[in-house]
Structures are given as structure tokens and as C-alpha cells.
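Here's a quick briefing to read with the model open beside you. Take it topic by topic and click along as you go.

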Amino acid sequence: MEAPRPLRTDAGGSRLAWAGPALIAAAGWVCYSGSLHVPLLMDDDRSIARNASLRHLWPPGSVLAPPPFSGVSGRPVLNLSFALNYAVGGLDVFSYHAVNLALHVLAGLTLAGIVRRTLRVESAALLGFAAGLLWTVHPLQTQSVTYISERAEVLAGLFYLLALYAFIRGRRALSVVACLLGMATKESTVTAPFLIFAYDAVFVAGGPAAAWRARRGYYLALAGTWLALAALMLGFARRSVGFRQGVGPLDYALTEGGAILRYLRLALWPRPLIFDYGPALTAGTAAWAAGAVVLVLVAAAAWSLRRSPRAGFLALAFFVLLAPSSSFVPVVLQPVAENRMYLPLAAVIVGLLLAARRLLGRGLPWFVAAAALAAIAATRARNSDYRDPLSLWSDTVRKRPGNYRAWDSLGDALAHAGRRAEAIDRFHQALALAPDAARIHYNVAKALNDEGRTGEAVAEYRAAVRLDPGYAEARVNLATALAKEERWPEAREQLRAAARLEPGDGRIRSELGVIELAEGQLAAAREDLAAALRLDPSDAEAHLQLGNALGMGGELPAAVAQWSEALRLRPNDPVSHNNLATALLQLGQAPEALAHYREAVRLRPDYQQARANLADLEARLGAAGR
């Protein structure tokens, strides 16, 4: 295949070949270096913090089969990337953000290469560099890069661009592999085979029929990646997407008309940027008018593709890239989201650069420099909103006051900051907008429980479970609240239901074991605690409680082993020191027991049981010494 190449008359091309990538990488670092410690947000909780499949890289079965109803469901490559981060630094967010940034810069460099090798003009190298730079630093990209869960967009975007770039370079096998990896990262890669075929028809082969005749086998291989995507979606991907979610395709399409026009405006003037638009759909005359405008734009794109295929390709690419999420297939929980412009933004930027080149001529470099500096400043300012959840959700509520999810998340941020009274007020504002939202009842219950209002918390947890019987976390917390009131059978019932919902969550089995231990069901407690440790051997609390169960059953050596492991994992736990000391004393190891009693008292000076045990042992050893 003869790939399109730029003319070799670009005087600055050789300098940009080595300086351009460094400048793009440096600009990306300037934009995002201040956001490398942004905490976990929204979907990060389920996709990362509570995703048990990340805990172990081997065997790979669990890593490549991420949990359902989460941002990683049906996306094994994305889940694997998070698992590698977890292996490096656990839940320390720095490595996650660093990887997001590195992937984004690589995507920007790939875009620069695509543009440079596609345009047959004198300034191809400059245009390629400018496209990669402006796309990398554009403020509209902040959600995709700074919000860790949106690595799905960044990584899939990188694979999408690599698939096209590899085709341009004549590396068809690599192109197919990149496309396959993209399919296993995010479903939006579904359009890649079609867009690569369109690129071939416009820029290489001279028409669709010629492209098919020249590379039929390659396109069949690309189409084969759809089979992998279908298998992942049918077998693993369970999310609130599709036609059986209570939202009609027409209602969703009307909302998307306005969303597409918003995206275009934000590409040109990125204010205001909103982290979460909420799940509300739009309707009425304005929605129909926006839909009509979008249909006119689509028709114009089709017309330009016939009259001027190279210019029309950019318009085609914009709509094709948006089609999976912004057409008529409902994405119920997130009908509008800025991260969807991650790749479509490239088509807008390249089009603007080509227009600027025609208008400005030799003034193009100054335009690029000014636009890049303005974009960098705006991106850094936008990233400052992400510095903590309280700042981000306050900003979101201010810009989107009708979004109940934003009020709920603001309440959650206030609760984590210890401002529980304010948090409960925000939760009630969210409930006024969405009284049947199970998560809001759950968050109200957590805040009430932290305030010591256990009875009210139980009622709210029950409301959450009634509204969403599959809400495992609500059942776990309801069980914990019931246990405070020593309502053991009810607590046990809730935990068993949660364990059926989340069989891979060791924490639930651990909590169930604790309840059974409190009831005196030693055999059942040992079984559930051992199961919890098989799921997560690093659970120090489960080791402690299993030691307690074994100790109560008289199995002291086994109990000592569990408490010792608990202390290895959590060295500053006074309870493990106290319990281990008591067992060692019974096994005749008084000096070792004395050291652990002393450590328990040092770690918690008000630990009365450990103080009494220490005083008694010191008295006995003193008497023996006399």
C-alpha cells in the first residue's frame, strides 16, 4: 500500500520532527502536572476502589472478567490497566493519573503523525504538530484525562488512532491488533473499521470499490474485531445502556441533538465545562430545533463528502466518532458527557487549522502559539476545580442546579469532610429532585449513622434496598447498623443477600463471619472468614476475626498464626496485639506476651482490657521473680 505522504518542501519539517513531540509532551505536562493527586471520583469507587478483580494479576481470569454494572464491565483491557496500577501503588492515585496523562500525550503524538502523513501541503509538519498540540491541551479534554475512570476514553482513543496510523504506515497486522484492543477497552471503537475504510477510500485508493479490491482481507480482519466486541457485550458488559432501560430512542436522540451542538460550541469556546450533566433528558421545541440543526449539519457533511471528499472526511469523522454514544442508542445515566468529544475534537481542530492556514498564511504559527497558550491556561484553571470533591461538586451544582446527582455527590463530599449536618441538607435537596433514587437514601443513611442516629439510618437503608434490591453495599451497611442494635438474624440475612449479589467481594464474607461470631456460630464464622481470605488474603480484619473464631474454639496455634498475619498486614492494631498476647500466654510464652501487651497499651493508652491484662501479667511475673 502506498501511504499518503506530505510534500518534502516544508522547511520547518525536520526541526518539528524532533522538537514537536517534546513540545507536545511538555505542554501536556504543564496542563496536567497539578492534577496528579486528584482523588477518586464518582465511578472510580466501583471501578477501582471496590473492584476486587484488580487485587491480583494472576491468574488472569478475574482481571479479564471485571465486575458487572461498573465502568469496567465488558472492558478487560481497561480493567487490566487499572490492575497494573493497583499492583504498583494500590489505591495511591498518582500512578493512575500519570498513566492517564502518558496515554493522552501518546494519543496527541499519534494524531500529529496522522495529520502530517495525510496532508499533501507544504506546511504538513506544522499542521500535524499544531493539531497534536491543540488537541492535547484543549480544556474540553480535562474530564477524559483528569477523571481516572475516563481512561476508557483515553486508552480506547489511543488504540483507535494507532489503528489508523498503522494503516497509513502500511502495518496492517498492527492496525488490526490495535483495533481489537480498542474494542476490548471501550465500545465506541466499534466505528474504527468503517472510518479506516473511509480514510482509505478518500486519501489512498481513490474510492470505496478500489479500497475493497485492494485490501479485502484486511477489512475482513478489521470486521472480525466486531465479533470480539459482540462477545464482550453479550457475555460481560452489563451497564445502563441500550433499548431496555426505560428510555425511548427518539427521546434520547432529541437530547443528543442539543448535546452535539453544545459539544461544537465547547470546542470553540470551552465555557462552562461541567463534570456531570445528570441523567435528565431534554424535550420540547428547543430539542426539536436542535435536532433539525444537527440533521442539516449531517446532510451538509454528506454533501461535502461528495463534492470535496478530503474536506468532507473531517465532517464525516466528527459524526461517526460521536455516533455510538450520541445518536439514538440510550446511555441512560449519562446522556450528555464532555468526554465523548475526546476523539471528535480532533476533527474540529484539524478543520479549524486548515481554515486558519487559508486565511492567515504565514501568520499560522502565531495563531497556533496564541491558541495553545490560551488553552493551556484554561486547562490548568479547569483542573483546579478537580483539586478535591468538595470543589468539583460545588462547581457542578452551581452550573447544573437541576442535577440531583450533583447535589447527592456534594452531600457525600461534605460528609467526608465531617460536615454532616450540611451533608444531610444537600441530600434532602437531592431527594426533592429524585425521591426514588436509592443511592441518595443510602447516603442519607450513612450520614445519619455517623451522627449516631442509628434508628433513622436503618429506615433510610431499608428504603435504599426497597428501591434497589440489588444494591449490595446498602445491604452491607444496613447489616452493620442492625448489628449495632444486636439484631443479629436480620443483619445476617442482609449480608447473605449481599454475598449472593457480590460473590467475589471478600469484605462481605468477612462481615458475615463477624456477625456469626457475635452470635456464637463458630463453625459458620470460620467458614465465611476463611472464604473472605481466599478472596482477599490482604484483609487484616478478616485475619483478626478468624483468629478470634479459632481462639474461641480452643485452636490456639492456628489463632496465633492468624493474629500474627493480621499484625504483619496492620502492625499498629492494638486489638491484634492484645489477642495475640493472650494466646501466647496460654501457650506458655510469657515474655512474648508481655511485649505484645505493652505494645497494645502504647498504641492505645485508653485500651482498658489490654491495660488490665498487662498489669496482671506484670504482677504475676513480679511475684514469680520474688
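Predicted model: local features only at pLDDT ≥ 70, side-chain atom pairs only at ≥ 80, totals over all residues.

**Helix 3 against helix 7**

- On the helix 3 side, the residues making the contact are Val77, Leu78, Ser81, Phe82 and Asn85. Helix 7 brings Arg151, Ala152, Leu155 and Phe159 to meet them.
- Sorted by class, this contact has six nonpolar residues, two polar ones and one charged one.

**Helix 4 against helix 5**

- Helix 4 covers residues 93-118 and helix 5 covers residues 124-137; their axes come within 7 Å and cross at roughly 155°.
- An angle over 145 degrees counts as roughly antiparallel, so that's the label for helix 4 and helix 5.
- Helix 4 passes helix 5 in a right-handed crossing.
- From helix 4, the contact uses His104, Ala107, Gly108, Leu111, Ala112, Val115 and Arg116.
- From helix 5, look for Ala124, Ala125, Leu127, Gly128, Phe129, Ala131, Gly132, Trp135 and Thr136.
- The tally for the contact of helix 4 with helix 5 is ten nonpolar, five polar and one charged.

**Helix 23 against helix 24**

- Helix 23 runs over residues 488-501, and its axis comes within 9 Å of that of helix 24 (residues 506-519), crossing at roughly 160°.
- That angle makes helix 23 roughly antiparallel to helix 24.
- This crossing of helix 23 and helix 24 is left-handed.

**Helix 9 on its own**

- Helix 9 takes in residues 192-204, 13 residues in total, and spans 17 Å from its first C-alpha to its last. That's close to the 18 Å expected at 1.5 Å a residue.
- How enclosed is it? Ten of the 13 residues of helix 9 are buried, so the rest of the structure largely encloses this helix.
- The buried residues in helix 9 are Ala192, Pro193, Leu195, Ile196, Ala198, Tyr199, Asp200, Ala201, Val202 and Phe203.
- After helix 9 comes Gly206, with a positive phi near 95°.

**Backbone spots to check**

- Some background first: most residues other than glycine have a negative phi, and most peptide bonds are trans.
- Trp58 and Pro59 are joined by a cis peptide bond, with omega about -5°. You'll find Pro59 in the loop between helix 2 (44-49) and helix 3 (76-89).
- Another cis peptide bond links Arg271 to Pro272, with omega about -5°. Pro272 lies in the loop between helix 12 (249-268) and helix 13 (285-307).
- Met42 isn't a glycine, but its phi is positive, near 40°. Met42 belongs to the loop between helix 1 (13-32) and helix 2, and is partly exposed, at a relative accessible area of 26%.
- Glu486 is also a non-glycine residue with a positive phi, about 60°. Glu486 sits in the loop between helix 22 (472-484) and helix 23, and is exposed, with a relative accessible area of 57%.

- Ala615 is in helix 30 (residues 608-625). Is Ala615 buried or partly exposed? Ala615 is partly exposed, with a relative accessible area of 42%.
- Ala615 and Arg598 are 17 residues apart in sequence, while their C-alpha atoms are 9.7 Å apart in space.

Technical notes:
Residues numbered from 1 in each chain as written. Heavy atoms only, no water. Helix = DSSP H or I, 4+ residues; strand = E, 2+ residues; numbered from the N terminus. Expected span 1.5 Å × (residues − 1). Buried < 20%, exposed > 50% of the residue type's maximum accessible area, 1.4 Å probe, protein only. Axes fitted to C-alpha atoms, helices over the stretch in contact; angles between N-to-C directions. Parallel < 35°, antiparallel > 145°, perpendicular 65-115°, else oblique. Left-handed = near helix turned anticlockwise from the far one by under 90°. Contact = heavy atoms within 4.5 Å. Nonpolar A, V, L, I, M, F, W, Y, C, P; charged D, E, K, R; others polar.
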